[in-house]
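Hello,

I am passing a structure on to you, along with some notes on its salt bridges. Please have a look at it before you read on.

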Amino acid sequence: MNRMLHAGCGKAHSALLTQLRTGKIGFADFLYERKVPGVWSRRCACDQGAMTVRHVLLTCPKWRALREEELEPFFGDIKRILNTKEGVTAALRMILKTGLLEQFKMIISEEHAQHWRSGVDRGEGNEETSG
């Protein structure tokens, strides 16, 4: 099953997926547990719990709108989110959109550039505005 979740993923997406599924990710809870210098608490900036994968994906009020946009079809079921291709795809999109993980910022930039280029290739995105 794990291989199927990674099928078609690029290296960066696959690394992020592994981090989400294992909880070994650059969120405060994990970093605090590992005694990373400068991380003084495991709490999320929302101050409503430890910053874990479960908290960010399911309950953090800061990401409510993004969660509703990406994860609503999964009804808060963390197992469906992290163990199905559809759930994983939505979770990856959500986490990348949060900007919480600086090391994955280039994924978003590359995806936006590809989307923009593909729109230009089809004649979209370069319309002149009337004034």
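With which residue does Arg34 form a salt bridge? The partner is Glu33, and their closest N and O atoms are 3.0 Å apart. By a salt bridge I mean a side-chain nitrogen of Lys or Arg within 4 Å of a carboxyl oxygen of Asp or Glu.

A word on the background: this is a predicted model, where local features need pLDDT of at least 70, side-chain atom pairs count only at pLDDT 80 or more, and totals for chains, interfaces and linings use all residues. Residues are numbered from 1 along each chain as its sequence is written, and side-chain values use heavy atoms, leaving out hydrogens and water.

The count comes to 6 salt bridges. For accessibility, buried means under 20% relative accessible area, exposed over 50%, and partly exposed in between (1.4 Å probe, protein chains only). Arg34 is partly exposed at 43%, and Glu33 is partly exposed at 41%.

Another pair is Asp47 and Arg43, with closest N and O atoms 3.0 Å apart. Here Asp47 is exposed at 51%, while Arg43 is partly exposed at 40%.

Then there is Lys97 with Glu70, where the closest N and O atoms are 2.5 Å apart. Lys97 lies in helix H7 (residues 85–98) and Glu70 in helix H5 (residues 64–71), so this pair ties together parts that are 27 residues apart in sequence. Helices here are DSSP runs (H or I, at least four residues), numbered from the N terminus. Lys97 is partly exposed at 42%, whereas Glu70 is buried at 7%. Through shared partners, salt bridges join Glu69, Glu70, Arg93 and Lys97 into one network.

Best wishes

Notes:
Helix = DSSP H or I, 4+ residues; strand = E, 2+ residues; numbered from the N terminus.
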